[in-house]
Amino acid sequence: MPASLSYDEDVLTARELYRFYRAGEEETLALRGVSLRVRRGETVAVVGPSGAGKSTLLACLAGLDEPSGGEVRVDGVRISHRPETERARLRAQNIGVLLQSRNLLPHLTVRDNIRLAQRAVRGRPAAAAGELLEQVGLGQRTHALPRQLSGGELARAGLAVALANSPAVLLADEPTGELDGETEQLVLRMVRERAADGCAVLIVTHSAEAVRVADRVVVLDDGRAHEASAPRESQEVGDVCR
Ligand code: ADP
C-alpha cells in the first residue's frame, strides 16, 4: 500500500442498516441493524448461511437498493437515501461492483463494456481498457462478446469492468462461486492487489479461499452482523464458511 495512505481511514461505512421487505401481510427483516466499516487497503469477507441477508447488504452498500433505515457512506459521502440517479452517479465514481449475475451488457464486446463503464465518470484519467484486460489475462479477447466467453473468462471480464474506474471501494458477491481453482486464485490475487493499492474491498462469499485472503471476517446471521477473527487455520476457515 502506498505510504501516503492510512490504514485507519474508513472508506466504506454502514451504520445501523435495516431492510424490511413486505409482501402482502408478510414482512421479512432482511437486515436488523447492521453496522460495519471497511478501511482503505482492507479486505473484509462477509459470510453467513443462505437467507442471512448478504445480497441485501451488498445491494444497500452499493446503492443498488435503499435501506429502510440507517445509512451508507463512501469516502464520507452519504450514498443512501438519495434519488436513484444520484446513487448511480456516486456508484460509478466510487464503487466497483461485481455481482453473481455478471455486470456485462451482452451486445457489447468486453472492451466496449469497460469503455461504457468509464464513460459514466468524466474528468478522471481512466486505465486503458486493453491494459485492464491484460491484467485479468484477457488481452486476446478484447473484441469478444460476453456469450463467446467461458465462465472463468466472464468472471475475469466482469472484474475488469468493476475496476474500470479505479474505484475506492470494490464490492463483490460470490466472485469466485463457479470458478475453477486457477481462475479463483487469479481473481483473488487481483482483488488483493487492488487492496494493496488502497482500495477498500468487501467480498460476500462461501469460499474458504476468499475467507483466507481477508483481513477481517464479518458473519451475517438472520440479518445481524458480528465480527469473527480472521481465520488462518483450515479448520477455522471451514467453520466460518459453513
Ligand atoms: P442471502 O444473500 O444471505 O442468501 P438475501 O439478502 O438474499 O440473503 O435475503 C435475506 C432475506 O430477505 C431472505 O429471507 C429473503 O427471502 C428475503 N428477501 C430478499 N430479497 C427479497 C425481496 N425482493 N422481497 C422479499 N423478500 C426478500
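Tutor: The part to look at is α6, whose buried residues are covered by elements that include β3 (43-47), α4 (129-135), α5 (151-162), β7 (169-173), β8 (200-204) and α7 (208-213). Helices (H or I, at least four residues) and strands (E, at least two) are DSSP runs, numbered from the N terminus. Buried means under 20% relative accessible area, exposed over 50%, and partly exposed in between (1.4 Å probe, protein chains only). This is a predicted model, in which local features need pLDDT of at least 70 and side-chain atom pairs count only at pLDDT 80 or more, while totals for chains, interfaces and linings use all residues. Residues are numbered from 1 along each chain as its sequence is written, and side-chain values use heavy atoms, with hydrogens and water left out.

The helix α6 itself runs over residues 181-196, which makes 16 residues. From its first C-alpha to its last, α6 reaches 22 Å, close to the 22 Å expected; the expected span is 1.5 Å times one less than the number of residues. Its buried residues are T183, E184, L186, V187, L188, M190, V191, R194 and A195.

Each end of α6 has a local feature. At the start, a side-chain oxygen of D180 comes within 3.1 Å of the backbone nitrogen of E182. Just after the helix, G198 has a positive phi of about 110°.

T205 counts as buried because its relative accessibility is 0%. Not counting residues up to four places away in sequence, T205 touches A45, V46, V47, E174, A210 and V211, where contact means heavy atoms within 4.5 Å. The side chain of T205 also reaches the backbone nitrogen of S207, at 2.9 Å.

Another pair of covering elements, α4 and α5, has R141 in the loop between them. R141 is partly exposed because its relative accessible area is 26%. Its side chain makes a polar contact of 3.2 Å with the side chain of E153. A polar contact is a pair of N or O atoms within 3.5 Å; within protein, one must be able to donate a hydrogen and the other to accept it, and residues adjacent in sequence count only if both atoms are side-chain atoms. Leaving aside neighbours within four places in sequence, R141 is in contact with V110, Q148, L149 and E153.

The C-alpha atom of R141 is separated by 8.8 Å from that of T109, although the two residues are 32 residues apart along the chain. T109 is in the loop between β6 (95-98) and α3 (110-119), and it counts as buried because its relative accessibility is 14%. Beyond the residues up to four places away in sequence, T109 touches T142, H143, A144 and L145.

Next comes the ligand. Its shell consists of Y21, T28, A30, P49, S50, G51, A52, G53, K54, S55 and T56, a residue being near when one of its heavy atoms lies within 4 Å. Oxygen atoms of the ligand lie 2.7 Å from a backbone N or O atom of G51, 2.8 Å from a polar backbone atom of S55 and 2.6 Å from a polar side-chain atom of T56. On its own the ligand has 560 Å² of accessible area, of which the protein covers 58%; areas come from the Shrake-Rupley method with a 1.4 Å probe, and for residues only the protein chains shown count as cover. The elements giving two or more residues to this shell are β2 (26-39) and α1 (54-62), and α1 gives the most, with three residues.

Two residues other than glycine have positive phi values. D75, in the loop between β4 (69-74) and β5 (77-78), has phi near 50° and is partly exposed at 38% relative accessibility. H81, in the loop between β5 and α2 (84-94), has phi near 55° and is partly exposed at 39%.

For the chain as a whole, there are eight helices and ten strands. Of its 242 residues, 51% count as buried. Among contacts with a separation of 6 or more, 67% are between residues 24 or more positions apart. The chain exposes about 11,500 Å², and carbon and sulfur atoms supply 46% of that area.
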